[in-house]
Amino acid sequence: MNDTYRHKGLRKILVEEVHSKGIKDEKVLNAMMNVPRHFFMDTSFVKYAYKDQAFPIGCGQTISQPYTVAFQTQLLEVDRYHKVLEVGTGSGYQTAILVEMGAKVFTIERQRDLFLKAQSFLPSIGYKANFFYGDGYEGQISYGPFDRILITAGATEIPEKLKSQLKIGGIMVIPLGDSSSQVMTRIERKSDDEYSETEHGRFVFVPLLKGKSM
Ligand code: SAH
């Protein structure tokens, strides 16, 4: 697959659109300018890669809308060398954005096919991350604690194990709600047992499910 001038031009327009919708973090916008979203789409949707919409990626899952990816990433306040845990690798597009921003990324996916695809595809286009097939509710205790934790599926509650894998001063971004919509929630760990929460509007994600699927 090629990343042509035409793709770069479409990407620039998409980044301007995301910016006009309120994303001001230059690091996020730059990363979005650099990651070829069309590489991450299902073949039947490649031509829509630079629309600000979510699309199916197989296994009943979706690649998130670019604005949503940018919104979550901006809230996460990612810095170079941050250890970031992502739950819900999916297409790997969000993973690539985090790697592009200089983070050391640990990403978990419960759908085996999506995990296998992302694990082989991302390194082939230069994005190195640590891929895990498993249940994101469990986190990755042996690699934690993390500076940042990002959940890219809608959860009905905050997974306790993930809270405990956050560094003190660390931030988690998680969409919380039922299957119809979720409130984007930012959680900061203040001390061993204190967390503060802020809410940032409604979004719609595929559900965060327990266990792993075959
Ligand atoms: N970040 C992805 C978004 C994918 S949609 C992207 O940019 O493409 C959310 C993903 O979360 C789906 O692939 C789904 O299979 C996965 N998921 C849902 N529950 C999970 C869990 N408990 N652990 C790990 N992944 C989960």
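This dialogue goes through several features of a predicted model.

Trainee: What should I know about the model before reading it?

Mentor: The model is predicted, so local features need pLDDT of at least 70 and side-chain atom pairs count only at pLDDT 80 or more, while totals for chains, interfaces and linings use all residues. Residues are numbered from 1 along each chain as its sequence is written, and side-chain values use heavy atoms, with hydrogens and water left out.

Trainee: Which residues touch the most other members of the largest nonpolar core?

Mentor: In soluble globular proteins, nonpolar side chains tend to be buried together. A nonpolar core here is a set of buried Ala, Val, Leu, Ile, Met, Phe, Trp, Tyr and Cys residues joined through side-chain atoms within 4.5 Å. Buried means under 20% relative accessible area, exposed means over 50%, and partly exposed lies in between (1.4 Å probe, protein chains only). The largest core has 47 residues, and I23, M32, F40, L76, Y93 and I97 touch the most other members. Among the elements that give two or more residues to this core are helix 1 (5-20), helix 2 (26-34), helix 3 (66-76) and helix 4 (93-100). Helices (H or I, at least four residues) and strands (E, at least two) are DSSP runs, numbered from the N terminus. Helix 3 gives the largest share of the core, six residues.

Trainee: What does Y93 touch?

Mentor: Contact means heavy atoms within 4.5 Å. Not counting residues up to four places away in sequence, Y93 touches M32, V35, R37, F40, I63 and V69.

Mentor: There is also a second, separate core of 19 residues, which includes Y137, I149, I187 and L208.

Trainee: How do I read the packing of helix 3 and helix 4?

Mentor: Two packed helices are described by the angle between their axes and the distance between the axes. Axes are lines fitted to C-alpha atoms, for helices over the stretch in contact, and angles run from 0 to 180 degrees between N-to-C directions. The axes of helix 3 and helix 4 come within 11 Å and cross at roughly 40°. Angles under 35 degrees count as roughly parallel, over 145 as roughly antiparallel, 65 to 115 as roughly perpendicular and the rest as oblique. Helix 3 and helix 4 are therefore oblique to each other. Their crossing is right-handed; a crossing is right-handed if the near helix is turned clockwise from the far one by less than a right angle, and left-handed if anticlockwise.

Trainee: Which residues of helix 3 and helix 4 meet?

Mentor: V69, Q72, T73 and L76 in helix 3 meet Y93, Q94, I97 and L98 in helix 4. By class, this contact has five nonpolar, three polar and no charged residues. Ala, Val, Leu, Ile, Met, Phe, Trp, Tyr, Cys and Pro count as nonpolar, Asp, Glu, Lys and Arg as charged, and the others, Gly among them, as polar.

Trainee: Why is helix 4 described as largely enclosed by the rest of the structure?

Mentor: Seven of the eight residues of helix 4 are buried, so helix 4 is largely enclosed by the rest of the structure. The buried residues are Y93, Q94, T95, A96, I97, L98 and V99.

Trainee: How are helix 1 and helix 2 arranged?

Mentor: Helix 1 and helix 2 pack at an angle of about 155°, with their axes 9 Å apart. They are therefore roughly antiparallel to each other, and their crossing is right-handed. K8, R11, K12, V15, V18 and H19 of helix 1 make the contact with L29, M32, M33 and N34 of helix 2. By class, the contact has five nonpolar, two polar and three charged residues.

Trainee: Where should I look for backbone exceptions?

Mentor: Most residues other than glycine have a negative phi, and most peptide bonds are trans. E77 has a positive phi near 50° and is not glycine, and Y81 has a positive phi of about 75° although it is not a glycine either. E77 is in the loop between helix 3 and strand 3 (83-87), and Y81 lies in the loop between helix 3 and strand 3. E77 counts as partly exposed at 41% relative accessibility, whereas Y81 counts as exposed at 69%. The peptide bond from G144 to P145 is cis, with omega near -5°.
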